Amino acid sequence: MQETTPAAPEHPQITAEHRELLDQLLDKWSLMVLDKLCERPRRFNELRRAIPVITQKSLTATLRRLERNGMVARVVVATRPVAVEYRITPLGATLQDLIDALLGWTSVSLPEVRRARARFDGDG
């Protein structure tokens, strides 16, 4: 008897596990870190320079969370002195098109969002 993989539901339900992962991927810093690592591997301080507004504590927490979720790999580079580099994993790389789509949508939609905010706030 041949086993088949069940088809993905047409409209998947958003479970607590989905929300947790999406919250972690769409938090304040994860998209920026993922976007930078999709460009190329980087050391910690390179990431800090590429995202100057992030604190060391926030970057450390973000990288650990992304590593835990399998999106980023922490690689020890055999140099003198030994260095650590962060790289996007194959799983993390699958997010690049989605990140680009979100950033593209944001760029296109931001003027309309600004107008809606102004109307809501009574400024327009």
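Predicted model: local features only at pLDDT ≥ 70, side-chain atom pairs only at ≥ 80, totals over all residues.
Val-76 stands opposite Val-84, a residue of strand E3.

**Strands**

| Strand | Residues | Bridges to E3 | Direction relative to E3 |
|---|---|---|---|
| E1 | 42-43 | 2 | antiparallel |
| E2 | 72-77 | 6 | antiparallel |

E2 and E3 form a hairpin, and 5 residues lie between the two strands. In a regular strand, side chains alternate between the two faces of the sheet.

**Helices**

Two packed helices are described by the angle between their axes and by the distance between those axes. How do H2 and H4 pack? Helix H2 (residues 30-39) packs against helix H4 (residues 56-68) at an angle of about 70 degrees, and their axes are 10 Å apart. Angles of 65 to 115 degrees count as roughly perpendicular, so H2 is roughly perpendicular to H4.

Which residues meet in this contact? From H2 come Ser-30, Val-33, Leu-34 and Leu-37, and from H4 come Leu-59, Thr-62, Leu-63, Arg-65 and Leu-66. Sorted by class, the contact of H2 with H4 has 6 nonpolar residues, 2 polar residues and 1 charged residue.

**Annotated span**

An unreviewed UniProt entry carries the annotation "domain: HTH hxlR-type" for residues 16-114. In the model, this span is 64% helix and 14% strand, and its end C-alpha atoms lie 31 Å apart.

Methods:
Residues numbered from 1 in each chain as written. Heavy atoms only, no water. Pairing = 2+ DSSP bridges. Helix = DSSP H or I, 4+ residues; strand = E, 2+ residues; numbered from the N terminus. Axes fitted to C-alpha atoms, helices over the stretch in contact; angles between N-to-C directions. Parallel < 35°, antiparallel > 145°, perpendicular 65-115°, else oblique. Contact = heavy atoms within 4.5 Å. Nonpolar A, V, L, I, M, F, W, Y, C, P; charged D, E, K, R; others polar. UniProt positions renumbered as here; feature names shortened; annotations may be inferred.
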